[in-house]
Amino acid sequence: MTFTKTLLIVIIATVFFNCSSKTVGGLTKEEYKSWKQQKKEMSPEAFKALVEEKNTLSQENFNLLEKISYIEQQISRKENEIDRLSRQVISLSTEQNQESNENRNPLEDEWNKGLVFKVQLAAFDELDLRELTENGSDLKIIDEDGYIKYILGQFRDYDMADLFKKKLRKIGVKEAWIVPYKDGNRIALKEVLSEVIE
């Protein structure tokens with residue numbers, strides 16, 4: 001025997017040995033025999049039901065994949081719309097800030113500097129009278145500390161603020177009191193009372 005024939009026999013034996021341990025589909029001989037036996041034991045009706053169930057599940061899987069694709073397209077559209085609206089909000093906010101800077105009232109800036117006395121009418125946690133300020137009223141409404149606070153009037157002189165408070169109480173606004181603001185920030189009355197009362 002020549003070397004070539006020996007080599008050829010070894011290669012064929014190796015291929016045959018490898019193929020004999022596995023069959024098509026990656027099953028071992030034992031697994032293949034077991035499945036073949038189960039197939040033989042299955043009735044035609046059971047086999048038909050199994051094939052029909054497989055077809056039904058395949059169709060359901062296809063339908064679900066189509067739904068997933070549709071939902072992903074919808075999500076993409078919504079994300080694009082959210083991006084567009086976000087850019088629009090930023091643009092409008094920038095425009096609004098520019099307009100408010102252009103339309104700033106120098107008189108308002110003056111009231112945010114130094115010591116100012118304002119009369120607070122009330123502080124409610126449920127009652128909301130914001131619509132009263134829509135026509136340029138001197139009434140200020142502030143959300144602070146969980147309350148909606150209503151403030152009317154601005155005075156540089158404590159005595160004038162006190163007189164206004166007393167008039168409001170006379171007409172029935174029992175919860176009117178004076179609240180001082182310094183440089184636009186509310187401060188405690190006791191901090192400035194000694195400065196203003198002689």
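**Close-up views of aromatic contacts in a predicted model**

**Figure 1. Overall arrangement of the chain.** From the N terminus on, the elements follow the order α-α-α-α-β-β-β-α-β-β-α. This predicted model thus shows a chain with six helices and five strands. Of its 198 residues, 14% are buried. Among contacts with a separation of 6 or more, 61% involve residues 24 or more positions apart. The chain has an accessible surface of about 16100 Å², and carbon and sulfur atoms contribute 57% of that area.

Figure 2. Two aromatic pairs are found in a search of the whole structure.

**Figure 3. The aromatic pair of phenylalanine 155 and phenylalanine 164.** The rings of phenylalanine 155 and phenylalanine 164 form a tilted pair, at 5.5 Å centre to centre and 45 degrees between the planes. Phenylalanine 155 counts as buried because its relative accessible area is 17%, which is under the 20% limit. Phenylalanine 164 is partly exposed, because its relative accessibility is 25%.

**Figure 4. Lysine 118 and the ring of tyrosine 181.** The charged end of lysine 118 is placed over the ring of tyrosine 181. Its distance from the centre of that ring is 4.3 Å.

Methods. Residues are numbered from 1 along each chain as its sequence is written. This is a predicted model: local features need pLDDT of at least 70, side-chain atom pairs count only at pLDDT 80 or more; totals for chains, interfaces and linings use all residues. Side-chain values use heavy atoms; hydrogens and water are left out. Rings of Phe, Tyr and Trp (its six-membered ring) pair if their centres lie within 6.5 Å; planes under 30 degrees apart count as stacked, over 60 as edge-to-face and the rest as tilted. Buried means under 20% relative accessible area, exposed over 50%, partly exposed in between (1.4 Å probe, protein chains only). A charge sits over a ring if NZ of Lys or CZ of Arg is within 6 Å of the ring centre and within 35 degrees of the ring normal. Helices (H or I, at least four residues) and strands (E, at least two) are DSSP runs, numbered from the N terminus. Contact means heavy atoms within 4.5 Å. Accessible areas come from the Shrake-Rupley method with a 1.4 Å probe; for residues, only the protein chains shown count as cover.
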